[in-house]
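Me: I would like to go through this structure step by step. Could you show it first?
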Amino acid sequence: MTERSRSEHFLERLVGVASVSGQEAACLQVCEGLMREVGLATRRRSCPGVEGAFNVEGVAGAGRPKLVLTGHIDTVPVEGMTVNHLGERRGGRYYGRGTSDMKGGLAAMLAALDRLRRAGTRLDGQVVVVATVYEETLKCGGYQVALDHRDADAVVCSEPTDCRVAIGATGNLPVRLDVTGKAGHTSIPGSGRNAILGALLAARAIVDEMAETVEVPHLGPRRRALGPGVIRGGLSQTVVPDRCTVWMEARYFPGETAEGLIARMNDICARALAGQPDLKATVRGERLDFEGHAYPPGSWGHFICVERGLKPLLTDPDTAIVRAFREAVVAEGGDPRPELMYGWGDIEFLATDHKVPALYFGPGDVKAAHTADEYIDLDRYDLAVRVYERAVPGFLNSAARRA
Ligand SMILES: [Zn+2]
């Protein structure tokens, strides 16, 4: 067996068992087995908010420094996939649900630890690998990592970054825009005030003004993604609608806050509807679940997505963990320029709430994530294994020397 095929065995095993969010148990068991196979002592950690949910952890070594490596084991659903969702190899790619997002990343971490163990590489301190659950939905796995590992010296998550060192990630702001108008009879020209038209005007104004380019420290200009996802309003074709609601999502950057963005949206709506008597718009935070129901205040989903919120992340590029990964990427022939991850990832809880230096580094490509033919490039996978193999001892042994 070549080194590469031995590494790919971890990928094949994790992709080979489905793990859509909420149905992760069988795949967690496989992951536990793989952790033991690479010499890690395993344990389970129950997560808050969701009955029966737990993360699986594997630990090597003890004491300080402590490096936490995480990857979510859950995936989005497999319906509509045009490839074998449990894995198939074609050319230089491995197809299947979760290959890029992000079993490929978790597998690369395990493959790297496997190589280090077989090579007898000494690791100062401890490494904890955590397979988290529910990242795609209720985020309780990542939240538990923040509770369990607030003493970590660094945390690395293998979300798909195409082997770039992502020192930042965007926040995710879910909002609802309510527009009220005035009901009327549709036979009378100009009767009532049409809330659906008002909502379109207000939503358009928010997108036009806020789909802007923002300067992100250390990373340069980045364009904001935002837009409406769901719209509901009106009773009948014969009644001028007096209410309409649009649910939107906006991604946001380090230095911005959810409150600040909502205030701006309200201001934009007020200006957009200023010349329209009887049309009023308000924006506030709210998240719909996949069935289209809003998470009610007091629920776990509301706490995570709205009350606490999914915040942006930015790590100083001069921290030891970023240096260790960039050096490893250089040594392995990759692109060491720091990057911003497109989406939000669940180490943000640990990074924000406990100030643990954090970065994302993974072999997947976010453009392949959540698609009908999700895949991972096997050369990128191999590069990620080599980078982890170099960066993990690089960080631990240099941090131990400084301590
Ligand atoms: Zn992901």
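**Domains, strands and cores**

Reply: The centres of domain 1 and domain 2, taken over C-alpha atoms, are 36 Å apart; domain bounds come from an automatic or database domain assignment. This is a predicted model, in which local features need pLDDT of at least 70 and side-chain atom pairs count only at pLDDT 80 or more, while totals for chains, interfaces and linings use all residues. Residues are numbered from 1 along each chain as its sequence is written.

Me: Which residues belong to domain 1 and domain 2?

Reply: Domain 1 covers 3-169 + 312-402, and domain 2 covers 172-297.

Me: And how many residues of each domain are in contact?

Reply: Contact links 9 residues of domain 1 with 10 residues of domain 2; two residues are in contact if their C-beta atoms, placed from the backbone, lie within 7 Å. On the side of domain 1 that touches domain 2, β8 (166-169) and β15 (313-314) each supply at least two residues. Strands (E, at least two residues) and helices (H or I, at least four) are DSSP runs, numbered from the N terminus. The residues on that side of domain 1 are 8 nonpolar, 1 polar and no charged. Here Ala, Val, Leu, Ile, Met, Phe, Trp, Tyr, Cys and Pro count as nonpolar, Asp, Glu, Lys and Arg as charged, and the others, Gly among them, as polar.

Me: New topic: strand β3. Why is β3 described as largely enclosed?

Reply: In β3 (residues 66-72), 7 of the 7 residues are buried, so the strand is largely enclosed by the rest of the structure. A residue is buried if 20 or more other C-beta atoms lie within 10 Å of its own, exposed if 12 or fewer, and partly exposed in between, with C-beta atoms placed from the backbone.

Me: Which way do its residues point?

Reply: Lys66, Val68, Thr70 and His72 point one way from β3, and Leu67, Leu69 and Gly71 point the other way. In a regular strand the side chains alternate between the two faces of the sheet.

Me: What does β3 pair with?

Reply: β3 runs parallel to β6 (residues 126-132), joined by 7 bridges, and parallel to β7 (residues 154-157), joined by 4 bridges. Two strands pair if DSSP finds at least two bridges between them. His72 stands opposite Thr132 in β6, and Leu69 has Val156 in β7 as its bridge partner.

Me: On to the cores. Which residues touch the most other members of the largest nonpolar core?

Reply: They are Leu110, Val155, Phe325, Leu350 and Leu359, in a core of 95 residues. A nonpolar core is a set of buried Ala, Val, Leu, Ile, Met, Phe, Trp, Tyr and Cys residues joined through C-beta atoms within 7 Å. The largest share of this core, 11 residues, comes from α10. A second, separate core of 24 residues includes Ala195, Ile206, Leu261 and Cys269.

Me: What does Phe325 contact, leaving aside neighbours within four places in sequence?

Reply: Phe325 is in contact with Val165, Leu359, Phe361, Val387 and Ala391.

Me: Last one: is Glu286 buried or exposed?

Reply: Glu286 counts as buried because it has 20 C-beta neighbours inside 10 Å. Glu286 is found in the loop between β14 (280-285) and α7 (300-309). Leaving aside neighbours within four places in sequence, Glu286 has contacts that include Pro174, Arg176 and Trp247.
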